[in-house]
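Please walk through this structure, beginning with the overall fold and ending with the packing of individual side chains.

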Amino acid sequence: MAPLRSALGSSLPGAQGKTVADQNKIDRTVAPGCAVKLYTLAECDLHTKASAARRAELK
């Protein structure tokens, strides 16, 4: 479990997506999973699009 935790980091706990800072935490948690191919390309693409949409809502 340690390698997976290391890959994903620890930014996500407490993030609720209510602020840009929260969205940054979510993105920092998902990005390493995409980089190590823990998630599929489709899942990473979906997250990228959802993150961009959420950021637009928060502006």
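A residue is called exposed when its relative accessible area is over 50%, and buried when that area is under 20%. With those cut-offs in hand, one can turn to the model, which is a predicted one.

The protein contains three helices and zero strands, so that, by the DSSP assignment of helices and strands, its pattern along the sequence reads α-α-α. Among contacts between residues at least 6 apart in sequence, 55% join residues that are at least 24 apart.

Helix H3, which runs over residues 41-58, has 18 residues and reaches 26 Å from its first C-alpha to its last, close to the 26 Å expected at 1.5 Å a residue. Its buried residues are Cys44, His47 and Ser51; viewed down the axis of H3, these buried residues fall within an arc of 55 degrees, and therefore they line one face of the helix. The face of H3 turned away from that buried side carries the exposed residues Ala42, Leu46, Lys49, Ala56 and Glu57.

What covers the buried residues of H3 includes H2, the helix of residues 20-35 in which Gln23 is found. Gln23 counts as buried because its relative accessibility is 5%, and, leaving aside residues up to four places away in sequence, Gln23 touches His47, Ser51, Arg54, Arg55 and Leu58.

Note on methods: Residues are numbered from 1 along each chain as its sequence is written. This is a predicted model: local features need pLDDT of at least 70, side-chain atom pairs count only at pLDDT 80 or more; totals for chains, interfaces and linings use all residues. Side-chain values use heavy atoms; hydrogens and water are left out. Helices (H or I, at least four residues) and strands (E, at least two) are DSSP runs, numbered from the N terminus. Buried means under 20% relative accessible area, exposed over 50%, partly exposed in between (1.4 Å probe, protein chains only). Contact means heavy atoms within 4.5 Å. The expected span of a helix is 1.5 Å times one less than its number of residues. The arc is that of the directions from the helix axis to the C-beta atoms.
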